[in-house]
Amino acid sequence: MSNQSAKKRERQEAKRRLRNRAAKSTMRTAIKKFNAAVAAGDKAEAEKAMALSCKLLDKVSGKGIIHRNTAARKKSRLAHAYNKMV
């Protein structure tokens, strides 16, 4: 069915998909920066990166891009890695 509403739905889904992909990518990059800081043993940088990562995880889970339990699990693992380093 290629009626008007179906076409509009496709356009909306395409926009949403791009927005969600960008948000996920940003979140993953922040987590990678945190992991790099932990590996380097840089406490100050790790603390900043952890705060940003947790903020982004809350943001994407709030928008339904990732499940809230997934966000909670990732945040828990970040905290565990940080505490282990400190």
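Predicted model: local features only at pLDDT ≥ 70, side-chain atom pairs only at ≥ 80, totals over all residues.
Salt bridges first, everyone: counting a side-chain nitrogen of Lys or Arg within 4 Å of a carboxyl oxygen of Asp or Glu, we get two of them. Residues are numbered from 1 along each chain as its sequence is written, and side-chain values use heavy atoms, with hydrogens and water left out.

Helices here are DSSP runs of H or I, at least four residues, numbered from the N terminus.

The other salt bridge joins Lys48 and Glu45, at 3.9 Å from N to O. These two are three residues apart in helix 2, which means about one helical turn separates them. Lys48 is exposed at 57% relative accessible area, and Glu45 is partly exposed at 36% (buried is under 20%, exposed over 50%, partly exposed in between, with a 1.4 Å probe and protein chains only).

Now, what lines the largest pocket? Arg16, Arg19, Asn20, Ala23, Leu56, Lys59, Val60, Lys63 and Ile65 do. Helix 1 gives the most, four residues. A pocket is an open set of points on a 1 Å grid over the protein atoms alone, where a 1.4 Å probe fits, with protein on both sides within 12 Å along at least five of seven lines; lining residues have an atom within 4 Å of a point.
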